[in-house]
Amino acid sequence: MRFGLQVLNHGIDDGLIAEVMAVAREFFRLPAEEKAKLYSDDPTRKIRLSTSFNVRKETVHNWRDYLRLHCHPLDQFVPDWPSNPPDFKETISSYCREVRALGFRLYAAISESLGLEASYMEQTLGEQEQHMAVNFYPPCPEPELTYGLPAHTDPNALTILLMDQDVAGLQVLHAGRWVAVNPRPGALVVNIGDQLQALSNGQYRSVWHRAVVNSDRERLSVASFLCPCSGVVLGPARKLVTDETPAVYRSYTYDEYYKKFWSRNLDQEHCLELFRT
Ligand code: OGA
Ligand code: NI
């Protein structure tokens with residue numbers, strides 16, 4: 001099973017979604033001096049504005065700026081979020097709450113589809129962290145020479161992506177071909193991440209995806225990542241390991257995985273391959 005699905009009827013209000021996009025766009029329109037205060041290329045920072053993907057590791061950069069925020073528990077992180085635009089904190093907090101609840105509903109459906117207890121994923125993944133990447137892709141004079149984000153899978157468990165309704169750019173790998181995802185009004189994209197691939201013993205696959213840029217229009221996306229806490233032990237669900245379907249992955253902590261992920265560059269071998277049995 002591969003995901004890279006657009007979901008409608010997700011229960012998140014269209015008005016809230018429009019406000020999130022508006023406030024995100026306004027943030028990137030702030031003067032460079034104001035945004036510069038938030039700049040950091042240290043992936044362990046809980047709030048940072050950065051560029052490309054991992055500027056410390058890569059030799060070729062991508063055409064992307066991004067604001068990365070930790071979002072759970074909200075009361076711990078919101079005070080450090082930008083207070084400009086003035087409604088940033090409130091709008092983004094409301095959206096974070098909704099997206100978390102949606103993610104947990106998806107965990108229940110995914111668990112049941114695997115023949116596990118509905119609570120399996122939520123219980124196994126524990127009190128999860130939630131991170132957000134607000135991605136801004138400016139128009140690029142030579143879009144064929146770069147990416148917004150090159151091909152990757154997300155290292156976390158589940159990603160819910162809110163995309164620009166007007167400008168396409170996301171592509172997913174499907175049957176060996178890159179397929180453009182045309183944004184549907186009001187839809188959210190759900191991407192399975194590496195941890196659900198491991199927990200499902202490979203029955204769900206994390207989706208390979210990338211973002212392309214274009215020469216005349218900026219594009220915005222807001223990715224919400226549900227991530228296990230660092231000490232959580234991950235690996236195939238016991239019930240899914242049988243004589244016919246032996247464990248594909250060893251057990252490891254999320255801390256180990258995440259450190260490995262950020263110590264590499266996106267164009268290297270799939271990080272999950274390093275955790276095979
Ligand atoms: C991401 C991502 C895709 C996009 O932030 O991990 O894949 O369309 N974003 O911005
Ligand atoms: Ni991604």
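**Exercise 1. Which atoms coordinate the nickel ion (ligand 2), and at what distances?**

Solution. Keep in mind that this is a predicted model.
- Step 1: look around the metal. The nickel ion (ligand 2) is held by NE2 of His152, OD of Asp154 and NE2 of His209, at 2.1 to 2.2 Å.
- Step 2: write the donors in chain order. Their spacing reads H-x1-D-x54-H.
- Step 3: His152 sits in strand β5 (residues 149-152) and His209 in strand β10 (residues 209-211), so the pair, 57 residues apart, links distant parts of the chain.
- Step 4: check the cover. His152 and His209 are both buried, and the cut-off for that is under 20% relative accessible area.

**Exercise 2. Find the residues that form the negative surface patch, and work out which element gives the most to the patch.**

Solution. 
- Step 1: pick out the members. They are Asp13, Asp14, Glu19, Glu26, Asp87, Glu90 and Glu98.
- Step 2: sort them by element. Two or more residues come from each of α1 (14-29) and α4 (88-113).
- Step 3: pick the top contributor. That's α1, with three residues.
- Step 4: zoom in on Glu19, which lies in helix α1. Glu19 counts as partly exposed because its relative accessibility is 45%, and that class runs between the 20% and 50% cut-offs.

**Exercise 3. Say where Ala108 lies and whether Ala108 counts as buried, partly exposed or exposed.**

Solution. 
- Step 1: locate the residue. Ala108 belongs to helix α4.
- Step 2: classify the residue. With 24% relative accessibility, Ala108 is partly exposed.

How values were computed: Residues are numbered from 1 along each chain as its sequence is written. Chains are lettered from A and ligands numbered from 1 in the order in which they are written. This is a predicted model: local features need pLDDT of at least 70, side-chain atom pairs count only at pLDDT 80 or more; totals for chains, interfaces and linings use all residues. Side-chain values use heavy atoms; hydrogens and water are left out. Patches are made of residues with over 30% relative accessible area and no salt bridge: like charges are joined within 9 Å, nonpolar side chains (Val, Leu, Ile, Met, Phe, Trp, Tyr) within 5 Å. Accessible areas come from the Shrake-Rupley method with a 1.4 Å probe; for residues, only the protein chains shown count as cover. A salt bridge is a side-chain nitrogen of Lys or Arg within 4 Å of a carboxyl oxygen of Asp or Glu. Lys and Arg count as positive and Asp and Glu as negative; His and the chain ends are not counted. The place of a charge is taken as NZ of Lys, CZ of Arg, CG of Asp or CD of Glu. Helices (H or I, at least four residues) and strands (E, at least two) are DSSP runs, numbered from the N terminus. Buried means under 20% relative accessible area, exposed over 50%, partly exposed in between (1.4 Å probe, protein chains only). Donors are N, O and S atoms within 2.8 Å of the metal (3.2 Å for Na, K and Ca); water is not among the atoms, so sites may look incomplete.
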